Amino acid sequence: MKLPTFLIIGVQKAGTTSVYGYLKEHPQVYMSPIKETNFFATDWENNTEKKPDTGTRKRINSWERYCELFMNVKDEIAIGEASPNYLVNYKTSSEMIQRYVPDVKMIAILRNPVDRAYSDYLMHLRDGINVGKVRSLSEQVKFRADSSSTIKKGLYYSPIKHYFDSFDREKLKIILHDDLTKDSLKVMQEIYRFIGVDDTFNPDTSKRSQSAAVPKNQTLNNLLQTKNPIRTAISSTLKILMPLETRQKLRSGIIKLNSAGKELKPLSSEERQLLTEFYREDILKLQDLIDRDLSSWLE
């Protein structure tokens, strides 16, 4: 039975999707066909609230289903998957990883938590997540920092320390998003060496996944991105007039026309300062823990 030899455990909005793609390009690497399996984020054996499958995708909620993801491994040297929630749900995830794949190597990509929160906030707007309930970052920091997932995901010290305490420290490689942005090829070659494959391979690092986008008209975006009576009615009518592929292209085209760059909703200097002060203590503790200069995150 083939099992992962490495995991990308985090963090969200820090380039994990791009790195997942670069890893898939390497001929000696096999990546799970499903990104973000999230299998190790839940103790499925003791979970009594197993949700049913939705659509064509099966939930990876059992060891058998997880193993099926790697049935097509041939002669690849490194086998991996990427689930950023393993850093978020670090207590459960570390226990599950120790239970099922104790010898696995792990990679954590960390981004300036202020920029990460801003990117996460824009994603919520773009994808119509929690329509009508998305609060500004300053409101989230001031009034619900202890419950906002957008804010809490940028607190890296405790999760990283927990992994260091739970595993051989050499098994966890820390990558900074700043380095990935400056020299993607150099970082990928470091990762290739870490997972034990040919580090002279050059992936196409010109590709970037999930660029920030902001809806020009939020109401129109919500109609296109969420399930609602108007969208259902239009979809039912269009089913008669055009095939599925054409309908999907039409919807994607409208979403693209209604999108602009993040400059449409910039992070104000006041919000940046507020977020920086919130994360300051965590950043200072983290830089000592990982022995990296993170002073640029405090500017």
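Let's start at Asp103, which is exposed at a relative accessible area of 65%; buried means under 20%, exposed over 50% and partly exposed in between, with a 1.4 Å probe and protein chains only. Asp103 forms a salt bridge with Lys171, their closest N and O atoms being 3.7 Å apart, where a salt bridge is a side-chain nitrogen of Lys or Arg within 4 Å of a carboxyl oxygen of Asp or Glu. This pair links distant parts of the chain, 68 residues apart: Asp103 is in the loop between helix 4 and strand 4 (105–110), and Lys171 is in the loop between helix 8 (157–166) and strand 5 (172–176). Helices (H or I, at least four residues) and strands (E, at least two) are DSSP runs numbered from the N terminus.

This is a predicted model, in which local features need pLDDT of at least 70, side-chain atom pairs count only at pLDDT 80 or more, and totals for chains, interfaces and linings use all residues. Residues are numbered from 1 along each chain as its sequence is written, and side-chain values use heavy atoms, leaving out hydrogens and water.

The whole structure holds 11 salt bridges. Another one joins Arg272 and Asp115 at 2.8 Å, N to O. Arg272 sits in helix 14 (residues 269–290) and Asp115 in helix 5 (residues 113–126), 157 residues apart. Arg272 is partly exposed at 29% relative accessibility, and Asp115 is partly exposed at 23%.

Now for charges over rings, meaning NZ of Lys or CZ of Arg within 6 Å of the ring centre and within 35 degrees of the ring normal. Arg169 lies over the face of Phe164, 4.0 Å from the ring centre, while the charged end of Lys105 sits over Phe194, 5.2 Å from its ring centre.
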